[in-house]
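Dear colleague,

Please find below the sequence and structure that I am handing over to you. My notes on what was found follow directly after.

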Amino acid sequence: MPQWSHNSFYHRFLLRRLPDPCGRVLDVGCGAGEFAVELARRADRVDAIDRSPVMIEAAKQATPGNVTCVLGDVLEQPLPANSYDAIVSISTLHHMPLDRALPVLADALRPGGVLAVVALPRADLPRELPVEILAAAGHRVLGLAFAVLRKFGRGDWYAVAPTHDVMPVVLDPPLTTRQVRRQAAEVLPGARVRRLVYWRYALVWHKPADG
């Protein structure tokens, strides 16, 4: 069965959440810099952080001059307070204790800024059985369609990146979407958390303009 990148599939979802205009963005868990390249077209400045030396070196080679690639752990690396217009992350938040990560990211956002995250949830069965069935079927159908489009030179169509095999994998994420929603509500009042189809959840929060 042809494989495709669920992370790349949700790039557009996150890009639509960016404010306009967008000055400074933080990309948490930037990996090889694929999404940071897209962010650099929308924002004046992008800070891309990852704790993998292999990924940061790849990101440095891939990203343009308005992207600063930082080797570090976002929970340990000092972040400037109230500085980012947007903080985004793809498939990273489930690697961290949520109760520690959310306050750190919230503090780094400027008043009025947006936090937009896509990450992996633990399966919540039987409650989410319908979406799991839909995801399994859709994965196969879209995988074939994307493979055909790539074969005929119609773009990369969510192709798996060359660095895919060295990226850290969490096969058993710690929290279901419902648990993420409950924890986020305690730290980020008004945050919206929902399950996405292809084995991801989305968390979006707008920091109040009054801080």
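This is a predicted model: local features need pLDDT of at least 70, side-chain atom pairs count only at pLDDT 80 or more; totals for chains, interfaces and linings use all residues.

A patch of positive charge on the surface is formed by Arg-12, Arg-16, Arg-192 and Arg-194. Residues are numbered from 1 along each chain as its sequence is written, and side-chain values use heavy atoms, with hydrogens and water left out.

A patch here consists of residues with over 30% relative accessible area and no salt bridge, like charges being joined within 9 Å and nonpolar side chains (Val, Leu, Ile, Met, Phe, Trp, Tyr) within 5 Å. A salt bridge is a side-chain nitrogen of Lys or Arg within 4 Å of a carboxyl oxygen of Asp or Glu. Lys and Arg count as positive and Asp and Glu as negative, with His and the chain ends not counted; the place of a charge is NZ of Lys, CZ of Arg, CG of Asp or CD of Glu. Accessible areas come from the Shrake-Rupley method with a 1.4 Å probe, and for residues only the protein chains shown count as cover.

Helices (H or I, at least four residues) and strands (E, at least two) are DSSP runs numbered from the N terminus. Arg-16 counts as exposed because its relative accessibility is 60%; buried means under 20%, exposed over 50%, and partly exposed in between. The loop between helix 2 and strand 1 also holds Pro-21, and the peptide bond from Asp-20 to Pro-21 is cis, with omega near 5°.

Leu-129 is part of helix 6 (residues 129-151) and is partly exposed, at 41% relative accessible area. The peptide bond from Leu-125 to Pro-126 is cis, with omega near 5°; Pro-126 sits in the loop between strand 5 (109-119) and helix 6.

Turning to the aromatic residues, rings of Phe, Tyr and Trp (its six-membered ring) pair if their centres lie within 6.5 Å; planes under 30 degrees apart count as stacked, over 60 as edge-to-face and the rest as tilted. Three aromatic pairs are counted by this rule. The pair of Phe-9 and Tyr-198 is edge-to-face, because the ring centres are 5.5 Å apart and the planes stand at 90°. Phe-9 lies in helix 1 (residues 6-9) and Tyr-198 in the loop between strand 6 (192-196) and strand 7 (200-206), so this pair ties together parts that are 189 residues apart in sequence. Phe-9 is partly exposed at 24% relative accessibility, whereas Tyr-198 is buried at 10%.

Phe-9, Tyr-10, Tyr-198 and Trp-199 form one aromatic cluster. Trp-199, in the loop between strand 6 and strand 7, has a phi near 55°, a positive value in a residue other than glycine. Trp-199 is partly exposed, with 26% relative accessible area.

Ser-91 also has a positive phi, of about 55°, although it is not a glycine. Ser-91 lies in the loop between strand 4 and helix 5 (98-108) and counts as buried at 13% relative accessibility. In strand 4 (residues 84-90) itself, Ser-89 is buried, at 2%. Ser-89 and His-11 are 78 residues apart in sequence and 9.8 Å apart in space, C-alpha to C-alpha.

With kind regards

Definitions and conventions:
Buried means under 20% relative accessible area, exposed over 50%, partly exposed in between (1.4 Å probe, protein chains only).
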